[in-house]
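Here is a walk through one protein model, from backbone details to overall shape. Keep the structure open as you read.

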Amino acid sequence: MRIDVIPSLSEVRSELLAGRTAIVIDVLRATTTIVAALESGSAGVLAAESVQQAVMLRGKRDVLGGERRCRRIPGFDLGNSPLEYTPEAVGGRRVVLTTTNGTRALQKAAPADRIVAAALLNGEACATAAAGWKRDVVLLCAGTAGAFCFEDGLCAGLVVSALQRLCGGNADVSDLGRSLAACYERHADDPAAPLAACDSGRRLASIGCEADVAFAARVNASDVVPLLKDGILVPLAPVRVHLPS
């Protein structure tokens, strides 16, 4: 199994995706929010590239969520904080989500054979699913404004490290993948500290979203694997959620 890492959207090429499993990563915060929404019983998440597209795709019962410049889009039901995506807010309802980088990354992954959304929350679960499909893997880091982000690299390292363990000698990992795995292993005992110290973590803290960063730092807290199916991200396996009566 070949494992490659695309460090940012500016480096996406269709030949790196075609026929592979694509694992899309935007830890702060889109893929973390997608996992939170599905954990809370959302019927699925539709990733829209633009605000206009999100508004156009919204159905009557859908929840409209998203951000630009880290802040909720005016007129939207929710922003991009995973803490907003509670069972009361999204349980049983589809979410139409648009973000600055993460939902664009999901759309750019379209040439892949399978597409899943990974965060630190569910990195091990995504690696396990990818290993089971026995296809070459490419990890696509959303980054910010075309540039690499530390937090996405940390998550990529988590997934690569798990894939190496699961696939053993069958894992042929790129140099960047090996470097990111080593970075993750260095910080595995306390990922919250480097996450808070990175550019994105400090940017979110500056607008009062420290709790989002702490939430996103919970490694392997979820076994939900958001899989793109017929254009909607849904759990690979059913999620049992206790919704309010």
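Helices and strands here are DSSP runs, numbered from the N terminus; a helix needs at least four residues and a strand at least two. The model is predicted. R29 sits in the loop between β2 (21-25) and α1 (30-39). The peptide bond that joins L28 and R29 is cis. Its omega is about 15°. Most peptide bonds are trans.

R69 falls between β4 (63-68) and β5 (71-72). Its phi is near 55°. That value is positive, and R69 is not a glycine. Most residues other than glycine have a negative phi.

Now turn to the largest pocket. It holds about 260 Å³ of space. Its lining counts 18 residues. Nearest the centre lie L28, C70, T100, N101 and T144. L28 is also one of the two residues at the cis bond. What is the lining made of, by class? Eight of its residues are polar, six are charged and four are nonpolar. Helix α9 (residues 199-206) contributes the most to this lining, with three residues.

Next comes a helix pair. Helix α6 covers residues 150-167, and helix α7 covers residues 175-187. Their axes are 7 Å apart and meet at an angle of about 100°. Angles of 65 to 115 degrees count as roughly perpendicular, so α6 is roughly perpendicular to α7. Which residues of α6 and α7 make the contact? From α6 come F150, G153, L154, A156, G157, L158, V160, S161 and Q164. From α7 come G177, R178, L180, A181, C183, Y184, E185 and H187. By class, the contact residues of α6 and α7 divide into nine nonpolar, six polar and two charged.

Finally, step back to the whole protein. Its secondary structure comes to ten helices and eleven strands. Along the principal axes, the C-alpha trace spans about 50 × 40 × 35 Å. How does the radius of gyration fit a compact globule? With 245 residues, such a globule would have a value near 18 Å. The protein has 16 Å, which agrees.

Methods: Residues are numbered from 1 along each chain as its sequence is written. This is a predicted model: local features need pLDDT of at least 70, side-chain atom pairs count only at pLDDT 80 or more; totals for chains, interfaces and linings use all residues. Side-chain values use heavy atoms; hydrogens and water are left out. Axes are lines fitted to C-alpha atoms, for helices over the stretch in contact, and angles run from 0 to 180 degrees between N-to-C directions. Angles under 35 degrees count as roughly parallel, over 145 as roughly antiparallel, 65 to 115 as roughly perpendicular and the rest as oblique. Contact means heavy atoms within 4.5 Å. Ala, Val, Leu, Ile, Met, Phe, Trp, Tyr, Cys and Pro count as nonpolar, Asp, Glu, Lys and Arg as charged, and the others, Gly among them, as polar. On a 1 Å grid over the protein atoms alone, a cavity is a set of points where a 1.4 Å probe fits but cannot get out, and a pocket is an open set with protein on both sides within 12 Å along at least five of seven lines; lining residues have an atom within 4 Å of a point. Grid points are joined across faces, edges and corners, and a volume is the space filled by probe spheres set on the points. The radius of gyration is taken over C-alpha atoms; the globule rule is 2.2 Å times the number of residues to the power 0.38.
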